[in-house]
Amino acid sequence: MGDSMIDFTVGKARFFYRATGVAIQDDHVLLHRTDDSEYWMLPGGRVEMGETASEAIAREMREELGQEVEVGRLIWIAESFRKECDLIQGLAFYYAISLPPSSNLLRDRRPFTRMDGRARLSFAWHPLSDLDALPLYSPFLRRHLRNLPDSPAHILDMR
């Protein structure tokens, strides 16, 4: 994690600010996971100081996918609260993203891997109809990815 990422600890509580991309093509969604995780998630990452959430998702996709994406409309603003050993609170902005029409990632939907620093990311296009059987993070995505709102929606994700 870079020094300028918005991710900090206050006492025993941690806060993070994340930007996430939602790429849906032909009823499939692009998800990724790290080698040490069983959960699939939407691609994205931490927002840096001085950067907007839409700039962050464009940067993250350059880093993770190795190509430019078109950042579209804001879909969700999600506040998450997780009580594990200590409180983890997050704020995430989810944007529609489109890959260039010439992208090999659209034409060839086979799983692929990319390195993000020292972490290996495995990417795959998953059918929206199969999300119920998939270990997916965050759980609200199971229902909401199949029915995107017409205007930005607020999600309160408490676990």
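Start by selecting His-126, which lies in strand E9. Helices (H or I, at least four residues) and strands (E, at least two) are DSSP runs, numbered from the N terminus. This is a predicted model, in which local features need pLDDT of at least 70, side-chain atom pairs count only at pLDDT 80 or more, and totals for chains, interfaces and linings use all residues. Residues are numbered from 1 along each chain as its sequence is written, and side-chain values use heavy atoms, with hydrogens and water left out.

His-126 is buried, with a relative accessible area of 13%. Buried means under 20% relative accessible area, exposed over 50%, and partly exposed in between (1.4 Å probe, protein chains only). Now show the contacts of His-126, where contact means heavy atoms within 4.5 Å. Not counting residues up to four places away in sequence, His-126 touches Asp-27, His-28, Val-29, Leu-31, Trp-40 and Leu-134.

Next, colour the sheet. Strands of a sheet pair through backbone hydrogen bonds, either parallel or antiparallel. Here an open sheet of four strands has the order E3-E4-E9-E8, with antiparallel pairing. Strand E3 (24-25) and strand E8 (112-116) are the edge strands, each pairing on one side only. Two strands pair if DSSP finds at least two bridges between them. Strand E4 (residues 28-34) and strand E9 (residues 119-127) pair in the antiparallel sense over seven bridges. Select His-32 and look across to E9, where Phe-123 stands opposite.

Turn to helix H1 (residues 53-65), which lies across E4, E8 and E9 and runs at about 115° to E8. Axes are lines fitted to C-alpha atoms, for helices over the stretch in contact, and angles run from 0 to 180 degrees between N-to-C directions. The buried residues of H1 include Ala-56, Ile-57, Met-61 and Leu-65. Just after H1, Gly-66 takes a positive phi of about 75°.

Now display the aromatic side chains. Rings of Phe, Tyr and Trp (its six-membered ring) pair if their centres lie within 6.5 Å; planes under 30 degrees apart count as stacked, over 60 as edge-to-face and the rest as tilted. By this rule the count comes to six aromatic pairs. Select Trp-76 and Phe-140: their ring centres are 5.6 Å apart and their planes stand at 90°, so this pair is edge-to-face. Trp-76 lies in strand E6 (residues 70-83) and Phe-140 in the loop between E9 and helix H3 (141-144), so the pair ties together parts that are 64 residues apart in sequence. Both Trp-76 and Phe-140 are buried.

Move to Phe-112 and Phe-123, whose ring centres are 4.9 Å apart with planes at 5°, so the pair is stacked. Phe-112 lies in strand E8 and Phe-123 in strand E9, so this pair ties together parts that are 11 residues apart in sequence. Phe-112 counts as buried at 13% relative accessibility, and Phe-123 is buried with a relative accessible area of 1%.

The last stop is Met-5, in the segment before strand E1 (7-10). Met-5 is buried, with a relative accessible area of 17%. Leaving aside neighbours within four places in sequence, Met-5 is in contact with Arg-46, Val-47, Glu-48 and Arg-59. To finish, draw a distance from Met-5 to Pro-127: their C-alpha atoms, 122 residues apart along the chain, are separated by 32 Å.
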